[in-house]
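This briefing is intended for a reader who has the sequence and the structure at hand. Please keep both in view while working through the points that follow.

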Amino acid sequence: MVTAGKARRGEARLPSALVVVAAIALYLLLPEPLILGPRLVIPALEVVLLIALIIINPRRMTRDTPWARAAALTLVALIAVANAAALVLLLRQLVTTDDSQAVELLIAAGQVWLTNVIVYGLAFWELDRGGPVARTHLPRGRLPRADFRFPQDEDHDAIDEVMAGSSKNSDWVPAIVDYLYVSLSNSSAFSPTDTMPLSTRAKILMGIESTSALVISVLVIAKGVGGLGG
């Protein structure tokens, strides 16, 4: 068993940076009626924040400051607000346009849904247990309370090959891919699957995400498919 204070390597920066770039690209590719204000303003702000965060932690997430935390959370909030506005504008398009734009609406719905998965995955990643730097650099006894309970957090009494990968025995901590999977499963099943929310804020975020996904999947995509059938 590992000791509670064993040092962990900082999480790699590249995966999370690529995820943010994907969200920015998805927004830039949205149809003009779904863009909030001038097309390049919000993506430009997001790029500036991302560059600043990369400068602070270019290769691995090892440095954490109040400014860096504020910038990271602002970046996530900016993506979330832009995507929420795109969803509202998309719903407006459904009631003001005919079925001739069904294909465009269907593609846009997929973009909004995928961005929804990304932004909530990023939010979970930034908030849980103090964020990516805290999770890999603080001893477990000093970590903030967890927002999520992963399967690895309770596998320490399973069979040997499963127990070996548990949080208690291997000092495992979740990374960006784990939070993206939580977000994806929540958006697909409209409820938690193998990872449970523990804190009030996690439950609120997951509730908002699943509701947004339900609106997109049931109303928006259904309208688009109906237009294709017509």
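Phenylalanine 124 is buried, with a relative accessible area of 1%. In this predicted model, phenylalanine 124 forms an aromatic pair with tyrosine 120. The points below begin with that pair and then turn to salt bridges, the surface, the overall fold and confidence.

**Aromatic pairs**

- The pair of tyrosine 120 and phenylalanine 124 is tilted, with 6.3 Å from centre to centre and 50° between the planes.
- Both residues belong to helix α4 (residues 102-127), and because they are 4 residues apart there, about one helical turn separates them.
- Tyrosine 120 is also buried, at a relative accessible area of 13%.
- A search of the whole structure gives 5 aromatic pairs.
- Ring pairs join Tyr120 and Phe124 with Phe148, Phe150, Trp172 and Tyr179 in a cluster.

**Salt bridges**

- The structure contains 7 salt bridges.
- One of them is formed by arginine 129 and aspartate 153, whose closest N and O atoms are 2.7 Å apart.
- This pair links distant parts of the chain, 24 residues apart: arginine 129 is in the loop between α4 and α5 (132-137), and aspartate 153 is in the loop between β1 (148-149) and α6.
- Arginine 129 is buried, with a relative accessible area of 7%, whereas aspartate 153 counts as partly exposed at 22% relative accessibility.
- A network of salt bridges links Arg129 and Asp153 with Asp128.
- Another salt bridge is formed by aspartate 171 and arginine 140, with 3.0 Å between the closest N and O atoms.
- Here, too, distant parts of the chain are linked: aspartate 171 is in the loop between α7 (167-170) and α8 (176-189), arginine 140 is in the loop between α5 and β1, and the two are 31 residues apart.
- Aspartate 171 is buried, with a relative accessible area of 7%, while arginine 140 counts as partly exposed at 26% relative accessibility.
- The side chains of arginine 201 and aspartate 147 also meet in a salt bridge, at 2.9 Å from N to O.
- At 41% relative accessibility arginine 201 counts as partly exposed, but aspartate 147 is buried, with a relative accessible area of 3%.

**Surface**

- Phe190, Leu214, Val218 and Leu219 make a nonpolar surface patch of about 330 Å².
- Within this group, valine 218 is found in helix α9 (residues 200-229) and counts as partly exposed, at 44% relative accessibility.
- The chain exposes about 11,400 Å², of which carbon and sulfur atoms supply 68%.

**Overall fold**

- The chain has 9 helices and 2 strands, and from the N terminus on they run α-α-α-α-α-β-α-α-α-β-α.
- Of the 230 residues in the chain, 43% are buried.
- Among contacts with a separation of 6 or more, 72% are between residues 24 or more positions apart.

**Confidence of the prediction**

- The mean pLDDT of the chain is 87, and 90% of the residues reach 70 or more.
- Among the elements of the chain, helix α1 (residues 13-28) has the highest mean pLDDT (96) and helix α6 (residues 160-163) the lowest (76).
- Over residues 1-6 pLDDT stays under 50, and the model has 10 contacts for these residues beyond four places in sequence.

Notes. Residues are numbered from 1 along each chain as its sequence is written. This is a predicted model: local features need pLDDT of at least 70, side-chain atom pairs count only at pLDDT 80 or more; totals for chains, interfaces and linings use all residues. Side-chain values use heavy atoms; hydrogens and water are left out. Rings of Phe, Tyr and Trp (its six-membered ring) pair if their centres lie within 6.5 Å; planes under 30 degrees apart count as stacked, over 60 as edge-to-face and the rest as tilted. Buried means under 20% relative accessible area, exposed over 50%, partly exposed in between (1.4 Å probe, protein chains only). pLDDT is the predictor's confidence in each residue, from 0 to 100. Contact means heavy atoms within 4.5 Å. Patches are made of residues with over 30% relative accessible area and no salt bridge: like charges are joined within 9 Å, nonpolar side chains (Val, Leu, Ile, Met, Phe, Trp, Tyr) within 5 Å. Accessible areas come from the Shrake-Rupley method with a 1.4 Å probe; for residues, only the protein chains shown count as cover. A salt bridge is a side-chain nitrogen of Lys or Arg within 4 Å of a carboxyl oxygen of Asp or Glu.
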